[in-house]
Amino acid sequence: MNKDAQMRATINQKLIETGERERLKELLRAKLIECGWKDQLKAHCKVIFMSQEDKSKSSKQRDVIKEKGLEHVTVDDLVAEITPKGRALVPDSVKKELLQRIRTFLAQHASL
């Protein structure tokens with residue numbers, strides 16, 4: 001394990017031990033719902049599954065469904081299609097707030 005991976009593992013372990021990881025996850029959930037991220041991503045997913053007959057709104061995301069057929073699309077296929085959009089939709093303010101909370105945590109636990 002390289003030095004960066006070792007440091008990430010140590011930080012993650014400390015986050016778990018102190019309960020901070022769960023608090024950060026809850027904060028993230030609340031902020032994403034508050035800013036409408038969940039609704040935006042849900043709308044994006046609906047576009048992926050809209051009727052194959054609507055040719056005027058064809059999209060790259062539906063390519064995987066067209067290629068494999070709806071019956072053969074896996075959860076991993078869907079995650080691969082949805083994840084980039086989901087990450088792009090997270091507002092910078094939410095990212096900055098979480099980063100600041102993590103930095104504060106690290107400063108308080110500088111002995112890592």
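What follows is a short chat about a predicted model of a single chain.

Visitor: What does the secondary structure of the chain come to?
Guide: In this predicted model, the chain comes to 6 helices and 0 strands, and read along the sequence the pattern is α-α-α-α-α-α.

Visitor: And where is confidence lowest, and where highest?
Guide: The mean pLDDT is lowest in helix H4 (residues 60-68), at 64, and highest in helix H2 (residues 20-34), at 97, while the chain averages 85, with 86% of the residues scoring at least 70. Where pLDDT is low, the predicted coordinates should not be read in detail.

Visitor: How do H1 and H2 pack?
Guide: Helix H1 (residues 3-18) and H2 pack at an angle of about 85°, with their axes 5 Å apart; angles of 65 to 115 degrees count as roughly perpendicular, and H1 and H2 are therefore roughly perpendicular to each other.

Visitor: Which residues in H1 and H2 meet?
Guide: On the H1 side they are Asn 12, Leu 15, Ile 16 and Thr 18, which meet Glu 20, Arg 21, Arg 23 and Leu 24 in H2.

Visitor: Switching to H5, where does the kink lie?
Guide: A kink of about 35° lies at Ile 82 in H5, shortly before the proline Pro 84. Ile 82 is also one of the buried residues of H5, together with Asp 77 and Gly 86.

Visitor: What should H5 span, and how far apart are its ends?
Guide: At 1.5 Å a residue, the 15 residues of H5 (residues 75-89) should span 21 Å, and the end C-alpha atoms are 21 Å apart, so the two agree.

Visitor: Back to the whole chain, how many residues count as buried?
Guide: Of its 112 residues, 23% count as buried.

Terms used:
Residues are numbered from 1 along each chain as its sequence is written. This is a predicted model: local features need pLDDT of at least 70, side-chain atom pairs count only at pLDDT 80 or more; totals for chains, interfaces and linings use all residues. Side-chain values use heavy atoms; hydrogens and water are left out. pLDDT is the predictor's confidence in each residue, from 0 to 100. Helices (H or I, at least four residues) and strands (E, at least two) are DSSP runs, numbered from the N terminus. The expected span of a helix is 1.5 Å times one less than its number of residues. The bend at a residue is the angle between axes fitted to the seven residues ending there and the seven starting there. Buried means under 20% relative accessible area, exposed over 50%, partly exposed in between (1.4 Å probe, protein chains only). Axes are lines fitted to C-alpha atoms, for helices over the stretch in contact, and angles run from 0 to 180 degrees between N-to-C directions. Angles under 35 degrees count as roughly parallel, over 145 as roughly antiparallel, 65 to 115 as roughly perpendicular and the rest as oblique. Contact means heavy atoms within 4.5 Å.
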